[in-house]
Amino acid sequence: MDPNHGSPGPALNSACDSVLTRMPIQILGDLRVDRGDAILGVQHLGGPKPRQVLEILLLQLGQPASKEKLIDLLWSGHPPAEAGPTLESKVSVLRRHLQPGAAKTGPLQTVNGGYVIEKSLVALDLEQFDTLLQLAHQSMPAQALPLLRQALALASGPLLDNELLPAWADEERARHATHVTEARILAAESATALLELDEALSWATVVLQGDQLNERAWTAFILALELAGRHSEGLQAYERCRRILHQELGCAPGQCLRDAQLRLLGATADGELSEVLSALLVVHEQIRRFAHPDAAVYVDRPASGASSPSLREAGTTIDAFLRRAFVLA
């Protein structure tokens, strides 16, 4: 299952105000403005500086930004001699592209000493994502999971992906990335609670691919494996987690993961003796072949009639068995 599959649905409409009279703007991934009569991208807003004015104002949607602040951000503290008039000209260019024929009534408005994007006139995907995540935190898993799917469908790309080096966006980018990780973990936990185990594993895997030190993601991943009855895989995942945390942080997994390990050890102990005996026979055969290369060697098959494991599989089985024995002793 693709964890990023999905599209905003009814819950998104209930999470946000009606967007019928608001201008949809996307800043997660590629910049996109739906003006109604046209779709505007990065190349349709009058150049880099007008576009960046829009982006800065969108990052503080509904809050005015002074001209001094915009000048400082746009020119990284080294403004041109005529920075004030230059900024005003850039804003005028942006207005002509963003809201032609609606200079005073469109989303971009002039306030005392600065500019603002009027919140009630814009449907911003970043704001919708934050609203959905907040609602999910306040909901039970059955209600939270659809909200999180919608939020994560919106966050299909990094914040302001078109801007290569926007130092003025670093803090907001880091904040949003943290929220996306939080949403993925919460989606994994909610899916686990609902026994949507493949989806839980998918979301947890996405988090771990970017952050192998995220113990909460390891917990969601291992608990989903446990509930799916994939006990050996759960123990292997626990061992990877334990090794990574020890090597990188010098610590052991927390109590929740240690409890899961003990449950997994107990679950895999029953009925394992035949597998261990079969693995030992494979190892014994290998030893005899080295000692007597010309001798014919026969290995008894398991009682079930299944084929004997490979040498690598046999070693893994014996190793896991011994680890469990020492932990449970």
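Two bridges, counted as 2 bridges in the model, join strand β4 (residues 65-66) to strand β6, and the two strands run antiparallel. The model described here is a predicted one. Within this pairing, alanine 65 stands opposite tyrosine 115 of β6.

**Strand β6 and its partners**

Strand β6 (residues 114-117) also pairs with strand β5 (residues 108-111), in the antiparallel sense and over 4 bridges. Two of the facing positions can be named. Valine 111 has glycine 114 in β6 as its bridge partner, and glutamine 109 stands opposite valine 116 in β6. The hairpin of β5 and β6 has 2 residues between the strands, and glycine 113 in this hairpin takes a positive phi near 85°. Both faces of β6 are covered: on one side Gly114 and Val116 are buried, and on the other Tyr115 and Ile117 are buried.

**The open sheet**

A further group of 4 strands forms an open sheet in the order β3-β2-β1-β7, with mixed pairing. Strands β3 (39-40) and β7 (122-124) stand at the edges and have a single partner strand each, so one side of each is left without a neighbour in the sheet. Inside this order, strand β1 (residues 23-26) and strand β2 (residues 32-34) pair in the antiparallel sense over 2 bridges. Glutamine 26 stands opposite arginine 32 in β2. Helix α5 (residues 125-137) lies across β1 and β7, and runs at about 60° to β7.

**Helices α3 and α4**

Two packed helices are described by the angle between their axes and the distance between the axes. For helix α3 (residues 67-74) and helix α4 (residues 83-98), the axes come within 10 Å and cross at roughly 90°. That angle makes α3 roughly perpendicular to α4. On the α3 side the contact is made by Lys67, Leu70, Ile71 and Leu74, which meet Ala83, Gly84, Leu87 and Glu88 of α4. Sorted by class, this contact of α3 with α4 has 5 nonpolar, 1 polar and 2 charged residues.

**Helix α8 and its surroundings**

Helix α8 (residues 197-210) has 14 residues, which at 1.5 Å a residue should span 20 Å; its end C-alpha atoms are 20 Å apart, in agreement with that expectation. Its buried residues are Leu197, Glu199, Ala200, Leu201, Ser202, Trp203, Ala204, Val207 and Leu208. These buried residues pack against α6 (141-154), α7 (170-193) and α9 (215-227).

Serine 190 lies in helix α7. With 5% relative accessibility, serine 190 counts as buried, because the cut-off for that class is under 20%. Apart from its neighbours within four places in sequence, serine 190 is in contact with Pro141, Ala144, Leu145 and Leu148.

Glutamate 226 lies in helix α9. At 17% relative accessibility, glutamate 226 also falls under the 20% cut-off and therefore counts as buried. When its neighbours within four places in sequence are left aside, glutamate 226 is in contact with His231, Ala260, Arg263 and Leu264.

Most residues other than glycine have a negative phi. Serine 76 has a positive phi of about 50° although it is not a glycine, and leucine 195, likewise not a glycine, has a positive phi of about 60°. Serine 76 is placed in the loop between α3 and α4, while leucine 195 is placed in the loop between α7 and α8. Serine 76 counts as exposed at 57% relative accessibility, and leucine 195 counts as exposed at 57% relative accessibility.

The table sets out the accessibility of the individual residues discussed above.

| Residue | Relative accessibility | Class |
|---|---|---|
| Serine 190 | 5% relative accessibility | buried |
| Glutamate 226 | 17% relative accessibility | buried |
| Serine 76 | 57% relative accessibility | exposed |
| Leucine 195 | 57% relative accessibility | exposed |

**The protein as a whole**

The elements described above belong to a protein with 13 helices and 7 strands. Of its 329 residues, 40% are buried. Among contacts with a separation of 6 or more, 64% are between residues 24 or more positions apart.

Definitions and conventions: Residues are numbered from 1 along each chain as its sequence is written. This is a predicted model: local features need pLDDT of at least 70, side-chain atom pairs count only at pLDDT 80 or more; totals for chains, interfaces and linings use all residues. Side-chain values use heavy atoms; hydrogens and water are left out. The expected span of a helix is 1.5 Å times one less than its number of residues. Buried means under 20% relative accessible area, exposed over 50%, partly exposed in between (1.4 Å probe, protein chains only). Contact means heavy atoms within 4.5 Å. Axes are lines fitted to C-alpha atoms, for helices over the stretch in contact, and angles run from 0 to 180 degrees between N-to-C directions. Angles under 35 degrees count as roughly parallel, over 145 as roughly antiparallel, 65 to 115 as roughly perpendicular and the rest as oblique. Ala, Val, Leu, Ile, Met, Phe, Trp, Tyr, Cys and Pro count as nonpolar, Asp, Glu, Lys and Arg as charged, and the others, Gly among them, as polar. Two strands pair if DSSP finds at least two bridges between them.
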